[in-house]
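Thanks for coming. I will go through a few local features of one model, starting at the surface.

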Amino acid sequence: MPGHLRATELSLIIDGSATTQLTKFDGDPRQLDHFKYDMANLAHWIRPDARVFIIGMGGGRDILSALAFDQQAVVAAEINPAIVDTVTKRFGEWTGRLDRHPKVRIINDE
């Protein structure tokens, strides 16, 4: 990964022991370039221009990864309403208001 690429993140502790990251995003897709160097995103290299379904959106990292690869659409399902509220409302300015992104749909359900 080129040295100039950096992510600014906050850690969110879930249920006392699990963690997820809230990545700062202001809507500029260039801010997401570091996701292209993450092995966890190999599927986006293999399957470009795809529709993505995420089970457990956490802090939104997988959503941002799909956006970094300019995937067609992203549906993220999250069972925990507190996670959805934290990412979209409480820290919505920090995370880029992912629930308002035209390619993203967040579902709070099982």
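Met 39 is exposed, because its relative accessible area is 66% (exposed means over 50%, buried under 20%, partly exposed in between, with a 1.4 Å probe and protein chains only). Before I go on: this is a predicted model, where local features need pLDDT of at least 70, side-chain atom pairs count only at pLDDT 80 or more, and totals for chains, interfaces and linings use all residues. Residues are numbered from 1 along each chain as its sequence is written, and side-chain values use heavy atoms, leaving out hydrogens and water.

Met 39 sits in the loop between strand E2 (18-23) and helix H1 (42-46); helices (H or I, at least four residues) and strands (E, at least two) are DSSP runs, numbered from the N terminus.

Now the aromatics. The structure holds 1 aromatic pair. The ring centres of Trp 45 and Phe 69 are 5.1 Å apart and the planes stand at 85°, so this pair is edge-to-face. Rings of Phe, Tyr and Trp (its six-membered ring) pair if their centres lie within 6.5 Å; planes under 30 degrees apart are stacked, over 60 edge-to-face, and the rest tilted. Trp 45 is in helix H1 and Phe 69 in the loop between helix H2 (61-68) and strand E4 (73-78), so the pair ties together parts 24 residues apart in sequence.

Last, strand E3 (residues 51-55). Val 52 and Ile 54 make up its covered face, and Arg 51, Phe 53 and Ile 55 the uncovered one.
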